[in-house]
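This briefing covers the overall build of one protein and the surroundings of one of its residues. Please read it alongside the sequence and the coordinates.

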Amino acid sequence: MEKVVSGIRPTGHLHLGNYFGAVKSFVKMQDEYDCLFFIADWHSLTTHPKPESIQESARNILAEYLACGIDPKKAPIYVQSDVRETIELYLYLNMNMYLGELERVTTFKEKARKQPNNVNAGLLTYPTLMAADILQHRAVKVPVGKDQEQNMEMARKCARRFNNIYGVEFFPEPQNFYFNAKALKVPGLDGSGKMGKSEGNCIYLLDDDKTISKKVMRAVTDNGPQAMNSEKPEVIENLFTFLRIASSEETYKYFDEKWNDCTLRYGDLKKQIAQDLCAIVAPIRERILEYQANPALLDQIAAEGAEIARQSAHATLDEVRRIIGFRV
C-alpha cells in the first residue's frame, strides 16, 4: 500500500477546521493506505510553549485523534519528539536549503508579522522540519489543508534537491492528498476566511452544546439579502459553508432558497447550524473525555506508535547517511 504521513501541532485542542479539513480524511485513509500520523510537538517550539504544557497538549491531541476514529492498530500515532532520527534528517535537508527561498514562504511571512519579537530560526526552517517529518518515512501522499500547499512544494523541493545533488532516486516527491478532490477550508466565525486557534474564531471538539450555540449565534453577518438571487458576501458564504459540511442537502437548499427570495432570517440560519454542529461534536466530545481519563492508555499508544515510526525513520536515515558519505 502507498505510504501516507501527516501531523498536527499540539497547540490547544482540535477544532472543526482540523476535523473537517484533515482528521476525517485520516479516518477514511487508514483502511486504504499505509498511514502514520503524528503530533508535531517540535513544531510548537516556534511559539515557546511552557514545558509543562507540551506533554499535556500532546496527550490532548492524541485523545482527540482517537475520539475522531483513528485506530492506532491500523494507523500508528506517535509524538514527533519521540523519533529523534527526524532531527538528523532535518539537519541534512537544511544544508541544501537557501535563505531566500525560506524567507519567501507565505506561512513564514505571516507568522513573522504576527510575532515580530519572536522571528526565530525554527520558524524560518519550519518547512524543512515538515519535509523531514514526511521524507523520513518516504511517504508518497500527505493530507494537507490549503494553507500547507506551499510547504508541501518545499518538501518536494527537498526531495528533488537531495536526489539531484547525490545522483540518486531515493526520495519520492510527496503529493498533496485531498480526500474530496480539493482542500477544504473551514471558515472562521468572525467573518474571516479560515478557522484557526490564533485567530480565536474556533469551535473546538471539546466545546459543549451551550458554548457551540453561543459561538455560532455571535457569528458575523450583514444586513441581509438586498436583491433576489444575489451573490452572497463572504461572511454569509462562510455560514453556508457550515451548512454544507454539517447539515443535510435538503437543509442547505432550504436556506439557499430563503436567501434567493430575500426571506432569510439569520437567527434561524444560525440556530440550524448550531443544532447540526452540536450533533456532530457531542459524541466526539464524550469519547475525548473518556480517553483523557486514561493517560496510561494514551502513553502506551504513543509509545507503540513511536517504535514503529523509529524503525521506519531509522531505515531511511541509514540509507541517507550512506548516500551522503557518513558512516552508518
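Helices (H or I, at least four residues) and strands (E, at least two) are DSSP runs, numbered from the N terminus. By that count the protein has 13 helices and 5 strands. The model is predicted: local features need pLDDT of at least 70, side-chain atom pairs count only at pLDDT 80 or more, and totals for chains, interfaces and linings use all residues. Residues are numbered from 1 along each chain as its sequence is written, and side-chain values use heavy atoms, without hydrogens and water.

**Overall dimensions**
- Along the principal axes, the C-alpha atoms fill a box of roughly 70 × 45 × 40 Å.

**Burial and contacts**
- Of the 328 residues, 50% count as buried, meaning under 20% relative accessible area with a 1.4 Å probe, protein chains only.
- Among contacts (heavy atoms within 4.5 Å) with a separation of 6 or more, 77% join residues 24 or more positions apart.

**Surroundings of Q30**
- Q30 lies in the loop between α1 (16–29) and β2 (34–39).
- Q30 counts as buried because its relative accessibility is 7%.
- A polar atom of the Q30 side chain lies 3.0 Å from the backbone oxygen of G69.
- Leaving out residues up to four places away in sequence, Q30 touches C35, G69, I70, D71, K74 and A75.

How values were computed:
Polar contact = N/O pair within 3.5 Å; in protein donor to acceptor, adjacent residues only side chain to side chain.
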